[in-house]
Amino acid sequence: MSRVVRIAAGLVAAAAAVALVLVLPHWLSDARAAEFARAGCFFIAILGLNLLTGYTGQISLGHGALMAVGAYTTAILTANHGFRDLWTIPLAGLVAMGAGFLLGLPARRLSGLYLALATFAFAVAMPALLKRFSGLTGGSQGINLFDKALTRSTGALGPVHVLGRTVATNDFLYYLTWGTGLVLAAAAWVLVRGRVGRAFRAVRDSEVAAASSGINTGFYKMLAFGISGFYAGVGGSLFVLVSNWFVSPTTFAFDKSLLLVVGAVVGGLGSLAGMALGALFIQFVPSWAGNVSNAPGAPSVFFGAAIVLVMILLPSGLGGVLRKLTEPLTTRL
Amino acid sequence: MVGAADWAGVAQQVVAGLSSGGTYATLAVALVLIYRATGVVNFAQGELAMFSTFVAWTLTQHGFSYWPAFALTVAASFGGGIALERVVIRPVERASVLTVAIVTIGVFFVVNGAAFWIWSPQVKSMPNAFSTRPIRIAGVAFSISDLGIIGVSLLAVLLLWFFFRFTKLGLAMRAAALNPESSRLTGIRVSWMIALGWGLATALGAVAGLMAAPPLGSFDQNFMQPILLYAFAGAVLGGIDSALGAVVGSLALGVFLNLLGTYVSWVGTDLRQAAALAVILGVLLVRPAGLFGQALVRRV
């Protein structure tokens, strides 16, 4: 019975989320819609991080670099190979998935902090590598699709026509990122409730116990890295679109990787709704901090203080609070 | 690929490498200290060291010479570290390791921003700690500053080792880190031991910052970030639970980086960090718990 109630509650929550995403642009200014679209990209990447860290227990400080892989796949395919930007999004996910598998290789042997350093190395190396192979990536100038592939950049020339309706560019980008985000969140929800999700959690809770129950822990760790990479790649690909069709090595400096981990933990690992809150946190809190005072360094002080406060007041993250609030609804029925 | 190497040149580069490695080692030991006490990497360690350095810089602007400013700053950092632990870490003492790690990232932002707010983004320069003259040993000219930095770093780490090895308080701190429950039963105030660990780590960080700043010539509020990266790498290379490992790992890393920068020209400044981390990754794949770390035997 309680399982049925749980699933029903999940469906109601999902329907509410879809409805909220659909109607929100009516109250948003154009600039706000663009900011929400950016948050949508973070949401997708953090969903991937949640699968990896929240469900499989593997730490990654390198997800910003996986986003970069996705972003550059989109930029290079659109600028040099005649693809339309929207079609490159799934391809960017697949390429980043490959990179995720590779990043998962050391995870077969390393754990905890040693794995954190390995993934961090990837994040630190990425901007340097992007500058080094400038023939492909445009070096430190980056790639500007607005100049190079204006006609293949959807919405760059003005409003977009979808299903017989005209949608302003930033609203279109908002719907694109959050629509993709909801689909991928649903996929994650299905995944963690199945056989693979059970294996992930077994690896997280005790690797030795998982291995002795016949779970190929190395395989599932790499799988988690690969799937997580797909999410990060899609997020990175969309990030190019919402950053005025522009990407450069500094877009994905290692602080993006740290920011994603902050978003995931502040949101509350293990909670899908929490991931959306975490994404909104890392998108909006820094800019609000900038509004409080724009003296040099002041925004950073307020942003850091907000992180510390949330963690002290809500050690299980914003999602943990949501779960506590909704628990009576699902358990009493 | 490898340029002509004369022995005097190599010796100079090795000493210069040990000097920067000594700074990494001091900060790496600070990381290990907090890691062993609380199980987290303190992402704010480098920024705390930067803040201490700026405090010392302010003192030198008000008529203090280098060494009195050094002593005052290290003492103040010890107190500041304890106070910081009481205010922000104590409330999350029982939360998950990841939560505590994120709190230290928050502290990173606060301290970095506060330093920009207080001291303006203009670059600063610090008076020299040691004579800038070279000294000739066996016909090779070494920099006195390099040798001095190596000496101070090793001295700081040795003092800490003496404290942990030969004092009752040090023993209590080790016990609290190793087995908090049993320590509590024997009357050790575990929570205060952690605070003390933060104090010592912040003081060590101040030493690292104050050694690192003068040779840079000019520095800004971000100058400790690459040093934190190397200290982290050095500590992990040595095995994050071993202080000796952290020292050896950091010194080796310092020398390696310096030789790499001098003799392997295709590794530009851009790729130096990446190359160093790649080598460490290679070492870790062979020894997953670092050079001196102990492989964990897990019980289910």
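This tour moves through the model from the interface of its two chains to selected sites in each chain.

The model is predicted, so local features need pLDDT of at least 70 and side-chain atom pairs count only at pLDDT 80 or more, while totals for chains, interfaces and linings use all residues. Residues are numbered from 1 along each chain as its sequence is written, chains are lettered from A and ligands numbered from 1 in the order in which they are written, and side-chain values use heavy atoms, with hydrogens and water left out.

**The interface of chains A and B**

Begin by displaying both chains. Here 45 residues of chain B are in contact with 43 residues of chain A, where contact means heavy atoms within 4.5 Å. Together the two chains bury about 3700 Å², and 82% of this area is on carbon and sulfur atoms. Buried area is the accessible area (1.4 Å probe) that two parts lose on being put together, summed over both. Next select Ile102(B), Phe109(B) and Trp117(B), which supply 17% of the area that chain B buries against chain A, more than any other three residues.

**Salt bridges**

In chain A, select Arg204(A) and Asp205(A): their closest N and O atoms are 3.0 Å apart, and they form a salt bridge. Asp205(A) is exposed at 56% relative accessibility, and Arg204(A) is partly exposed at 35%. Buried means under 20% relative accessible area, exposed over 50%, and partly exposed in between (1.4 Å probe, protein chains only).

In chain B, move to Glu85(B), which is joined to Arg86(B) by a salt bridge with the closest N and O atoms 3.0 Å apart. Glu85(B) counts as buried because its relative accessibility is 0%. Then select Arg90(B) and Glu93(B), a salt bridge whose closest N and O atoms lie 3.5 Å apart. Arg90(B) is partly exposed at 39%, and Glu93(B) is partly exposed at 26%.

**A hairpin in chain B**

Select residues 134-137 and 140-143 of chain B, which are strand 1 and strand 2; they pair in the antiparallel sense over four bridges. Strands (E, at least two residues) and helices (H or I, at least four) are DSSP runs, numbered from the N terminus, and two strands pair if DSSP finds at least two bridges between them. Ile137(B) has Val140(B) as its bridge partner in strand 2. Two residues lie between the strands of this hairpin, in which Ala138(B) takes a positive phi near 50°.

Return to chain A and select Asn244(A), in the loop between helix 11 (217-242) and strand 4 (246-247). Asn244(A) is not a glycine, yet has a positive phi of about 55°. Trp245(A) is found in the loop between helix 11 and strand 4 of chain A, and its phi is also positive, near 55°. Which of the two is buried or exposed? Asn244(A) is exposed, at 56% relative accessibility, whereas Trp245(A) is buried, at 3%.

**Final stop**

Finish at Trp27(A), in the loop between helix 1 (2-23) and helix 2 (30-55) of chain A. Trp27(A) counts as exposed because its relative accessibility is 66%.

Conventions. A salt bridge is a side-chain nitrogen of Lys or Arg within 4 Å of a carboxyl oxygen of Asp or Glu.
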